[in-house]
Amino acid sequence: MPDSGYPWPISTTRLDNGLRVVVSEDRTAPAVAVNLWYDVGSRHEPAGQTGFAHLFEHLMFEGSTHVAKTEHMRLVQGAGGSLNATTNPDRTNYFETVPAEHLELALWLEADRMGGLVPALTQETLDNQRDVVKNERRQRYENVPYGDAWLRLLPLLYPPGHPYHHATIGSMADLNAADLATFQAFHQTYYAPNNAVLSVVGDTTVDEVVALAEKYFGGIPPRPEIPAAPDGRVVPPTGVPAEETVVTEVPAPRVYVAHRTHPFGSPGYDVVTVLATVLGSGRGSRLYQRLADGERIAQPDLVGAYGVDLAHAPAPLIATATARPGVSGERLAAGLAEVVDELATVPVTAAELDRAKALLTTAWWRQMSTVDGRADALSRYATQFDDPATVAERLPAWLAVTAEQIAEVAAEVLGADDRATLTYLPQDKQ
Amino acid sequence: MTLIADRPGPGTARPYRFPQVVRRSVAGGGVVAAHLPGQNLAVAMLLLDAGAGREPVGREGLGGVLAKALEEGTTQRDATAYALAIEALGTELVTGLDWDTFQASVQVPVGRLGAAVELLAEAVRTPRLDPDDVRRVRDDEVTALRMDWANPGPRADAALRADLFGAGNRWGRPMYGDPDSVAGLDVEDVTVFHSEWFIRPGTLVVAGDLDRLDLDALAATAFTGTGGGPVDRGTPIEVPVRSERRIILVDRPGSVQSTLRLGHPGPHRAHPDHVPIALAGTVLGGAFTSRLNHLIREVRGYTYGIRGDFASSRRFGRFAVSSSVQTAVTAPALVEAVGEIARTQAGGVTEDELAVARSWRAGQLSVELQSPRAIAGALSTLVVHDLPDDYHARLREELLGAQVDQVSAAAATHLRPESLTLVVEGDAAVIRDELLATGLGELTDHPSGT
């Protein structure tokens, strides 16, 4: 068992304005990753403003005080870099990996949009990016079979008012209603140095990064009071399974079984991570062996299970299967539920456990094999657990999980009484 | 508020280096490896000259069915035992297929690579190919393709490919086949394809810490029991270009977006203009700030994204643009996309645009080639296209040295706006009249079904 999942140096500095700067030097390749996590996501959105955190992420690429519209992308790509950003219920992240000599440019760009977005934000930009996001929604959720599964699962798992009740992409109605003043206020409220972590990994030094961070971010004032998202840590079990059946244009019946488990980062969620791998990763997993190979009721490429790594409330575990031709949605749902139920009753064998841990070990080192993968991990652990060095504990924690713990956690959180089941059935074609 | 107004310039560039490449010939096969000191993960990828281009016409999807069938048990163990053995090492058997090659790879912590290559070779060289299993895998693959073809895209891609290259040719049909072609495969097709192409040694690509790996032992494992000499790779194919632009409409009733696939034939991979062509494609549709993405997404808001590029294999190539646009703006999006292609062909690129394109493409050679998987992919390019060890360093110099007149000349020569095939997959009842009214070309309705 490795002692550490992060065998590189980590240094953390807090600037006077509260910005945490995490540096991890690695001179292997002449590239450097810059990664910012802002501790704001769709869990902060009030009713009527769903999708705003994500739409805001788009606006961050459209110019700031000293950066013209479209210049951000042009400067990073023109420096040879890769860049993107993502929003989820928990947080918003922004990242670029550039050849090492362009580190200062990347930090200048990030500082300018942290401290100077509002003066550059125009109605025209908002209208344009609103259209882009509505097309993103159409392309990813509306125009593909089963595309809205995640949008339907969340309200089955989390009650109204819970920070995870609505999906990050938001509703078309809310997006249409978005006004400029709300976004200006959004930036002023959440995009503060004391609500962010800056991680830099790769071909640089701690001294260089801290000096540059001080130079570019040091003048951005902190915000004294940043409102917290609603507390979602306790979700009382309803004692009644939540079920939804959607009859629509899909090519085959598909079932999703979902449970609330434990928050990412907790010991319980480490068990869930291993459990999900036993259940649904690879051809040796229980779902594949039982439903795709054994009973042959599920399509082999479309069975699986995974946890969604959310940290501020019990995170979802989702298992899914799609029916082979001639198999009904009912039969598939029963088969899927049975395999999930057995996690509490049929002990996980040593071979199953070793297989899961081997796959997770490879997955871990795959993320750590790039400077951008490492930078994102450091930002996560600094933001969510207040100490980037705790990143080193995750892999050993997975490897310490026992079969008994899996059975206990399964009995605790995977009960049929507290299960959300979403079934898609093909529409009869007349 | 104190923000620094002045944009900083670059620091001193660190020298570019691609990992050290090691080549060996062992037991009739080749090894191409990259040394990644200190890297915990390692990748091994077996490349076979058994790409989709080797499939007989009418048998499209054969390689895909064989790839899946490899994991249905070997002469040594059944499917479940195989899955448990390879996953216990921390990897799945990853297979891939393109026009030129079939690839099978494993990715594991470096100490386990020997055992993983043994299992890789066991599946590729000695699969059981039990007839019942092969038939079941085929039927599953038909179902999987039907699932995929229920999404927007595959039908439009197939319509474009057939129109560019001719449905009578293998390269005019979908790379992975379609539900009907796969349904028509029988067991013998699969076993014959295996014995013809999967017993030849091929090339083993390795990316990892070579101080902790024994290349000769890995190669001996990969090439045991192989035979058969090198095979003719064929010469580049002359693909005629259309004399007139045309629209093909693929109906997708109720679709809230229209899927656009625009294209024409292009140069094969070994064409001497490869670098300027790639840069012209980058300016037009490759980078986020490309002409197409800037206009169609950032100015008009018609789409979440639009991309265009030249892609090429050993024997043929194509230029293509792809996007999904809101149904209501299908016609203007199409007109403006064609307009940008024509403008780029006629007027070439500017120095500012080229500066971004060349730096981006050159920088990506450091930024995107970090993981063992990415390095293995870069090595496979060397193998498939017979390129030297210092190819990536030379490519970088060529990209950085490219001049506006070269790239503009490549755009003028290799973009054919008047010969484009414009495939639109969307709600025909809503968009058909508007498409006709664009005057972009004659409109053909694609037959329904696949």
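Reply: Angles under 35 degrees count as roughly parallel, over 145 as roughly antiparallel, 65 to 115 as roughly perpendicular and the rest as oblique. This is a predicted model, in which local features need pLDDT of at least 70 and side-chain atom pairs pLDDT 80 or more, while totals for chains, interfaces and linings use all residues. Residues are numbered from 1 along each chain as its sequence is written, and chains are lettered from A and ligands numbered from 1 in the order of writing.

The axes of α1 (residues 52-59) and α4 (residues 123-142) of chain A come within 10 Å and cross at roughly 120 degrees. Axes are fitted to C-alpha atoms over the stretch in contact, with angles from 0 to 180 degrees between N-to-C directions; helices are DSSP runs (H or I) of at least four residues, and strands (E) of at least two, numbered from the N terminus. α1(A) and α4(A) are therefore oblique to each other. The crossing is right-handed (the near helix is turned clockwise from the far one by less than a right angle).

On α1(A) the contact is made by A:His54, A:Leu55, A:His58 and A:Leu59, and on α4(A) by A:Thr125, A:Leu126, A:Gln129, A:Arg130, A:Val132 and A:Val133 (C-beta atoms, placed from the backbone, within 7 Å). These residues divide into five nonpolar, four polar and one charged, where Ala, Val, Leu, Ile, Met, Phe, Trp, Tyr, Cys and Pro count as nonpolar, Asp, Glu, Lys and Arg as charged, and the others, Gly among them, as polar.

Between the chains, 66 residues of chain B are in contact with 69 residues of chain A. α12(B) gives the largest share of the chain B side, nine residues. That side holds 30 nonpolar, 26 polar and 10 charged residues.

In α12(B), 12 of the 17 residues are buried, so this helix is largely enclosed by the rest of the structure (buried: 20 or more other C-beta atoms within 10 Å of the residue's own; exposed: 12 or fewer; partly exposed: in between; C-beta atoms placed from the backbone). Among the buried residues are B:Glu353, B:Arg358, B:Trp360 and B:Arg361.

Two backbone angles remain. A:Tyr146 is not a glycine but has a positive phi of about 65 degrees; it lies in the loop between α4 and α5 (149-157) of chain A and, with 23 C-beta neighbours inside 10 Å, counts as buried. B:Ala27, also not a glycine, has a positive phi of about 50 degrees. B:Ala27 sits between β1 (21-26) and β2 (29-35) of chain B and, with 16 such neighbours inside 10 Å, counts as partly exposed.

Notes. Two residues are in contact if their C-beta atoms, placed from the backbone, lie within 7 Å.
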